[in-house]
Amino acid sequence: MTVHTMKVLVTKKVYPEAIDFLKQSVTVDYAANEEGLPPQELLDRARDADGIVSQLTDRIDAAFIAGLERAKVIANVAVGYDNIDVPAATARGIRVTNTPDVLTDTTADFAFALLMAAARRVIEAHRFVHEGQWRTWRIDLLVGHDIHHRTIGIFGMGRIGQAMARRAAGFSMRILYSDARRAPGSLENELGLEFVPPETLLAEADFISLHVPLLPDTRHLIDAAALQRMKPSAILVNTARGPVVDEQALIEALEQGRIAGAGLDVFEEEPRVPDRLLALPNVVVAPHIASASIATRRRMSVMAAENALAVLAGRDPDNPVN
Ligand code: DGY
């Protein structure tokens, strides 16, 4: 079977370059919607597809994979792939791919933006001016927390964790990190990293930034006990995945002033953000947009299309996860 007779389902809107690229070689079933397909329609259209370009809102679980008749590849337009049951795909001989690297710096930029916004009360200040509350310069008006020369604790020293560390180094911060695996000594030296147990990181960091994938081991990594260990002045930043944090425990810690604030791009049940979280002035929220620069989202779209086509053409994809 030549690639020209194959069909690729693109489950949701992507940048047009990706569609143009695919159309040069395969038939494209493009569900060009913003919301994502309902589960049954998604399966109905995926059933006879040779390739699927999916997004993190598509739940591709074992039951879904069992319903696929021809799929050879599922190319996720994201670096994370916790929406896909990878072992089930592997068992069916289906390749899974992701979009690493292109979003590393963009995501770290945004994690640092959340950190800064929460520490320096940028959103509160913006609101304050908009609401006409500004009367005069005042010594303690909207005072926040310094960032420079303080301590950041990074969970996960992968690509994005390292990019976050580079930014922190630029702010003369002490950089602690925890990871299942210790980084090479050369990287520790280059970035001035201190490898510490999670308890030390939690107890000593002024800012804690999460850069781990969502795995059984990292689900609720930040739970009530972890929050209890954090300094009352600590600020938590999450651009990883919502379920890495126990959201209820976080809300309680914030309401009781047991930590100072949070910058959150991801939530446990997206797009639902609990009202109690929204009621807190010291929490900066965003709708899962850490990788959302125009250039990066374009690149992610094309990269997923390239990965899908590589597999269909019998080549190894650049970004395999199985
Ligand atoms: C990812 O790539 O996993 C992000 O969550 C979306 O860019």
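1. Start with Asp50 and Lys72: their side chains meet in a salt bridge, N to O at 3.4 Å. A salt bridge here is a side-chain nitrogen of Lys or Arg within 4 Å of a carboxyl oxygen of Asp or Glu. The two partners are 22 residues apart, with Asp50 in the loop between α2 (39–46) and β3 (51–54) and Lys72 in the loop between α3 (62–66) and β4 (73–76). Helices (H or I, at least four residues) and strands (E, at least two) are DSSP runs, numbered from the N terminus. Is Asp50 buried or exposed? Asp50 counts as buried at 1% relative accessibility, while Lys72, at 30%, counts as partly exposed. For those words, buried means under 20% relative accessible area, exposed over 50%, and partly exposed in between (1.4 Å probe, protein chains only).

2. A quick word on what you're looking at. This is a predicted model, where local features need pLDDT of at least 70 and side-chain atom pairs count only at pLDDT 80 or more, while totals for chains, interfaces and linings use all residues. Residues are numbered from 1 along each chain as its sequence is written, and side-chain values use heavy atoms, with hydrogens and water left out.

3. Now for other salt bridges. The count comes to 25 by this rule. One of them joins the side chains of Arg95 and Asp316, at 3.3 Å from N to O. Arg95 is in strand β5 (residues 95–97) and Asp316 is in the segment after α13 (294–312), so this pair ties together parts that lie 221 residues apart in sequence. Arg95 is partly exposed, with a relative accessible area of 24%, and Asp316 is exposed, with 61%.

4. Have a look at Asp140 and Arg138 too, whose side chains meet in a salt bridge of 3.1 Å, N to O. Asp140 counts as partly exposed at 45% relative accessibility, and Arg138 as partly exposed at 42%.

5. On to the domains. The protein is divided into domain 1 (3–102 + 294–312) and domain 2 (104–285); these bounds come from an automatic or database domain assignment. Their contact (heavy atoms within 4.5 Å) takes 8 residues from domain 1 and 5 residues from domain 2. Taken over C-alpha atoms, the domain centres are 32 Å apart.

6. How much area do domain 1 and domain 2 bury between them? About 600 Å², with 42% of it on carbon and sulfur atoms. Buried area is the accessible area (1.4 Å probe) that two parts lose on being put together, summed over both. Between the two domains the count is 2 salt bridges. Arg241 and Asp82 also deserve a look: their side chains meet in a salt bridge of 2.9 Å, N to O.

7. Finally, two single residues. Thr151 is in strand β6 (residues 151–155) and is buried, with a relative accessible area of 10%. Leaving aside neighbours within four places in sequence, Thr151 is in contact with residues including Met173, Arg174 and Phe207. Gly144 is in the loop between α6 (122–130) and β6, and is partly exposed, with a relative accessible area of 39%. The C-alpha atoms of Gly144 and Ala78 are separated by 34 Å, and the two residues are 66 residues apart along the chain.
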